[in-house]
Amino acid sequence: DGQDVVYLFDSSLLTIFRWSTQDEMYLTSWSIQAPAQWMVFVEAHNRIYLGYESGKITSFDTSVTDATEIHFTTLPGKTLGLASAGDFLFAADPSGAWGSFYTFDSDGNILSSDDWKNAESQEYVWSSNTNRVYHYRDSTSPNDIEWTAIDPIDGALGADGDSPYHGSTLSTSYPIIINPTGDVILNGAGQLVSATSLNIMNALSNDISDAVWLGDQLITLKAKTPLLQIWSEEYELLHETAISGSPFSLLTVADKLLSLAYSQGKVVFNHIGL
């Protein structure tokens, strides 16, 4: 939630685990009804949303400790994506022509919907700077990065577009990460892309498996290694250091850097000082 709690969804145990970064302990866990395909936290709603193959979307109220799963809405088709989009929940499903996008308010009302969307992507990422949701079109060849505008006031879906490369030069590897000012997109190949034009502006010297910006400082996990990397403002590698276990995620929590790694069958949380 950016302040204290890290939420981890375990599909095999049908459980959402809650780790307090301040107390360094697990809080009361929450049970879910069935394996979900998507989980997203929407700060404006104080909720976690889960998306299911049936199209059902449910929610948990993160402001209470004993939250239970509540039905929110049901999409016409299976849930292909969820994202926090400012004051709204964004969702995608395969209904309509090619696929459809939706926006919802906190009461579950559909604010906007639109089909003819390439709705197959492992991630949908919102930028409050451009008021766009970014995603790949994994089911379409050639693959590319695309965007759809969402009005920040009424949640209306607007214009859309893709990169000028149309399947060449620009990588479509995950993750898709937006910097804090919302003007730069970093992909898994280490390419830094303009969030407005989708032109490649720069590139890191290696692939990455995750990344965060701590202020203006870019910090990455080098792909397929347990190495934490620190980059200059010009994206030159300044330093790299080993992390124990098999790291899979970087988070910033209350302006602190946190790494998550697998070690001996467990998830290990480590605060990292720079």
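In the hairpin formed by β5 and β6, 4 residues lie between the strands, and N46 adopts a positive phi near 55 degrees. Strands here are DSSP runs of E with at least two residues, numbered from the N terminus. The model is a predicted one, in which local features need pLDDT of at least 70 and side-chain atom pairs count only at pLDDT 80 or more, while totals for chains, interfaces and linings use all residues. Residues are numbered from 1 along each chain as its sequence is written, and side-chain values use heavy atoms, with hydrogens and water left out.

Strand β5 covers residues 38–42, and β6 covers residues 47–51. The two run antiparallel and are joined by 5 bridges; strands are taken to pair if DSSP finds at least two bridges between them. V42 has R47 of β6 as its bridge partner.

Strand β11 (residues 100–104) is mostly covered, with 5 of its 5 residues buried, where buried means under 20% relative accessible area, exposed over 50% and partly exposed in between (1.4 Å probe, protein chains only). S100, Y102 and F104 point one way from β11, F101 and T103 point the other way, and all are buried.

β11 pairs with strand β10 (residues 88–93) in the antiparallel sense over 5 bridges. F104 of β11 is the bridge partner of L89. The hairpin of β10 and β11 has 6 residues between the strands, and G96 in the turn has a positive phi of about 75 degrees. β11 also pairs in the antiparallel sense with strand β12 (residues 110–114), over 4 bridges. In this pairing, D114 of β12 is the bridge partner of F101. Between β11 and β12 the hairpin has 5 residues, and G108 takes a positive phi near 85 degrees.

H71 belongs to strand β8, which spans residues 70–74. When residues up to four places away in sequence are not counted, H71 touches K56, I57 and T58, contact being defined as heavy atoms within 4.5 Å. I57 is 14 residues from H71 along the chain, and the C-alpha atoms of the two are separated by 6.4 Å. The side chains of H71 and T74 are joined by a polar contact of 2.9 Å. Such a contact is a pair of N or O atoms within 3.5 Å; within protein, one must be able to donate a hydrogen and the other to accept it, and residues adjacent in sequence count only if both atoms are side-chain atoms. The side chain of H71 also reaches the backbone oxygen of T73, at 3.4 Å.
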